[in-house]
Amino acid sequence: MQNSEVFILAIESSCDDTAAAVLQNDKVLSNVVANQLIHNQYGGVVPELASRAHQQNIVPVIDAALRKANITKEQLSAIAFTQGPGLMGSLLVGSSFAKSLSLALNIPLIAVNHMQAHILAHYIDEEGFDKPTFPFLALTISGGHTQIVKVNHFFDMEIIGETTDDAVGEAFDKSAKILGLPYPGGPLVDKYAKLGNPKAFVFTKPKVPGLDFSFSGLKTAILYFIQKKKLENPNFIEENLNDICASIQHTIIEILMDKLKMAVKETGINQIAIGGGVSANSGIRNTLTENKYGWKTYIPKFEYTTDNAAMIGIVGYQKFLSEHFETASVVSKARIQF
């Protein structure tokens, strides 16, 4: 299906952010996100509270996205929503609204895989940002996922490496918690790491065969290290916070880069695109942009790295062109086949 003016309303509600975006073809007209600050006091996302907040936020967020895009709902060509993976209650809020609106407007409904959207966010038409050509390798790093994906085409993707336990985002957040930093701690580790010596402390990198990752052992090593040092000096964290954060971040980046180097060698593909919330980390972004590995690297605009609806919309646009639509019987999935 080809149309010079395709308007996609996209809805993202996989975790704790309610987001809506409007795209005209592959260009973003609006991208609105409502954050849920209530989870900060609990040190992590509370699923029941998340789904209730989505119910409160979804109508005003979608209204804001349409107003900012300066279009009416009658101009929409289709509605795209996150089918999964994510928190079931949160996903149901977005999918229920999308189904109802598509029925009311009699326009196509498009289901989107959240992790594929992180990868395909690179295809948003954004000035100053190049789009990768097929095939390329995608490093998807978030609070729930750590994957190396071989991307042959828009919907021809193969996971060639993934975490066997915890995701990289969890490693950052749990390390921050060990250091007594508030949730979400990953961005704070990044902030303090900029001021520290990345080689002040050495943490052993896990030995995992092939292209898979593991971060549970690293988290345990950091916990034991901090416990030992605090016995020797109760003020150890306060006196060394920048160096500790820099050393943790340096170790995590080395783990990621080691696997990427192996993937490039095995596949012969030297185009690397990153996506997912942790790709907002300045240390990871800087390491890739240094280009010391001889790769062609692609890093999305900052607002398209964390959970957002624009990335859902670009997948929706590609599916609209191929008429890959769903009926109202489509179901949300906490876990979804890639």
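I started with N70, which counts as exposed at 68% relative accessibility (over 50% is exposed, under 20% buried, in between partly exposed, using a 1.4 Å probe and protein chains only). N70 isn't a glycine, yet its phi is positive, about 60 degrees. I found N70 in the loop between α1 (47-69) and β4 (78-84). My helices (H or I, at least four residues) and strands (E, at least two) are DSSP runs, numbered from the N terminus.

Housekeeping: this is a predicted model, where local features need pLDDT of at least 70 and side-chain atom pairs count only at pLDDT 80 or more, while totals for chains, interfaces and linings use all residues. Residues are numbered from 1 along each chain as its sequence is written, and side-chain values use heavy atoms, with hydrogens and water left out.

Next I looked up N106. This non-glycine also has a positive phi, about 55 degrees. N106 sits in the loop between α2 (88-105) and β5 (109-113) and counts as exposed, at 70% relative accessibility.

One joins F134 and P135, with omega about -5 degrees. P135 is in the loop between α3 (114-120) and β6 (136-141). Another cis bond runs from Y183 to P184, with omega near -10 degrees. I placed P184 in the loop between α4 and α5.

Cysteines came next. How many disulfides does a search of the whole structure find? I got zero, a disulfide being a pair of cysteine sulfur atoms within 2.5 Å. I checked C15 and found it partly exposed, with a relative accessible area of 24%. C245 is buried, at 0% relative accessibility.

I took α5 (residues 186-193) against α7 (residues 236-267): the angle is about 110 degrees, with the axes 7 Å apart. Axes here are lines fitted to C-alpha atoms, for helices over the stretch in contact, and angles run from 0 to 180 degrees between N-to-C directions. That makes α5 and α7 roughly perpendicular (65 to 115 degrees; under 35 is roughly parallel, over 145 roughly antiparallel and the rest oblique). For the classes, Ala, Val, Leu, Ile, Met, Phe, Trp, Tyr, Cys and Pro are nonpolar, Asp, Glu, Lys and Arg are charged, and the others, Gly among them, are polar.

Then I turned to α4 (residues 168-178), which packs on α7 at about 165 degrees, with the axes 11 Å apart. So α4 is roughly antiparallel to α7. I listed V168, A171, F172, S175 and I178 on the α4 side, and I237, I248, Q249, I252 and L256 on the α7 side. By class I have eight nonpolar, two polar and no charged residues.

Last pair: the axes of α6 (residues 216-232) and α7 come within 12 Å and cross at roughly 160 degrees. I therefore put α6 and α7 down as roughly antiparallel. From α6, L218, I222, F225, I226, K229 and K230 meet F236, I237, I244, I248, T251, I252 and I255 of α7. That contact has ten nonpolar, one polar and two charged residues.

Technical notes:
Contact means heavy atoms within 4.5 Å.
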